[in-house]
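This report describes a pocket and some helix packing in one protein model. Please look at the sequence and the structure first.

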Amino acid sequence: MHCGVDEAGRGSVMGPLVVGVVSVESDEPLLMIGVKDSKKLTPRARERMYEEITAVADWGTVIATAADIDARRKEMSLNDVELNMFAEAVRGSGAVVYADCPDVNEVSFGRRLGALVPDAEIIAKHKADDTYPVVSAASIVAKVTRDRMMDEIRTEFGTNIGSGYPSDHYTMDFIAEWIKTNGKAPAHVRCSWEPVRQMLSARANTKISDW
């Protein structure tokens with residue numbers, strides 16, 4: 001048995017961080033599905049592969065909401081947040097674990113993950129989602145799960161909130177307008193992210209006469 005672990009939503013300013021894990025005895029079923037790095041797939045292809053992956057493999061997710069991330073970031077780095085989520089995802093598997101490494105130092109990240117999951121053999125690599133089919137599958141599970149959660153958030157607000165990433169002007173425009181109108185960030189936004197902190201600070205320092 002071996003498993004792959006990867007995330008979706010690490011850099012987003014809005015929405016959850018989702019870690020996906022997939023475990024298989026053999027990569028053969030995943031190769032037949034045609035898995036690859038989720039970023040290289042269309043949304044329709046990801047949805048189709050998600051259904052096929054979850055039918056042939058053991059899988060799971062670990063989810064941190066924006067509020068969870070803000071709370072954890074008071075005590076640790078984002079890399080450590082992800083490290084602990086990876087450990088939670090694969091703990092007890094007793095498997096060879098292939099992890100898509102978020103740290104610049106693969107060896108250090110692998111050792112720290114191994115210390116948290118001593119029953120597993122850890123192989124942490126950059127771009128593992130493009131190298132190991134089981135990590136590609138995990139990336140698809142994470143991405144589809146996050147996309148579905150973002151759809152729920154869009155429905156909640158009833159407007160275009162974009163992808164949730166700071167490079168998306170729809171997301172940033174939505175957050176800025178909400179803060180301007182309400183004096184606080186909307187739900188599902190990571191207030192520990194610098195762009196949001198700047199918006200909140202600017203709003204707090206705005207006088208009524210400035211409107």
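## The largest pocket

The largest pocket holds about 220 Å³ of space. On a 1 Å grid over the protein atoms alone, a pocket is an open set of points where a 1.4 Å probe fits, with protein on both sides within 12 Å along at least five of seven lines; lining residues have an atom within 4 Å of a point. Grid points are joined across faces, edges and corners, and the volume is the space filled by probe spheres set on the points. The model is predicted: local features need pLDDT of at least 70 and side-chain atom pairs count only at pLDDT 80 or more, while totals for chains, interfaces and linings use all residues. Residues are numbered from 1 along each chain as its sequence is written, and side-chain values use heavy atoms, with hydrogens and water left out.

The largest pocket is lined by 14 residues, of which Glu7, Ala8, Gly9, Lys39 and Tyr165 are the closest to its centre. Strand 1 (2-8) and helix 6 (133-157) are the elements that give two or more residues to this lining. Strand 1 gives the largest share, 3 residues. Helices (H or I, at least four residues) and strands (E, at least two) are DSSP runs, numbered from the N terminus. By class, the lining has 2 nonpolar, 4 polar and 8 charged residues. Here Ala, Val, Leu, Ile, Met, Phe, Trp, Tyr, Cys and Pro count as nonpolar, Asp, Glu, Lys and Arg as charged, and the others, Gly among them, as polar.

## Helix 4 and helix 5

Helix 4 (residues 78-90) packs against helix 5 (residues 106-116) at an angle of about 45°, and their axes are 9 Å apart. Helix 4 is therefore oblique to helix 5; angles under 35 degrees count as roughly parallel, over 145 as roughly antiparallel, 65 to 115 as roughly perpendicular and the rest as oblique. Axes are lines fitted to C-alpha atoms, for helices over the stretch in contact, and angles run from 0 to 180 degrees between N-to-C directions.

Contact (heavy atoms within 4.5 Å) involves residues including Leu83 and Phe86 of helix 4 and Phe109 and Leu113 of helix 5. The contact of helix 4 with helix 5 divides into 6 nonpolar, 2 polar and 2 charged residues.

## Helix 7 and helix 8

The axes of helix 7 (residues 169-182) and helix 8 (residues 194-204) come within 10 Å and cross at roughly 25°. These two helices are therefore roughly parallel to each other.

In helix 7, Met172, Ile175, Ala176, Ile179 and Lys180 meet Pro195, Val196, Met199, Leu200 and Arg203 of helix 8. This contact has 8 nonpolar, no polar and 2 charged residues.
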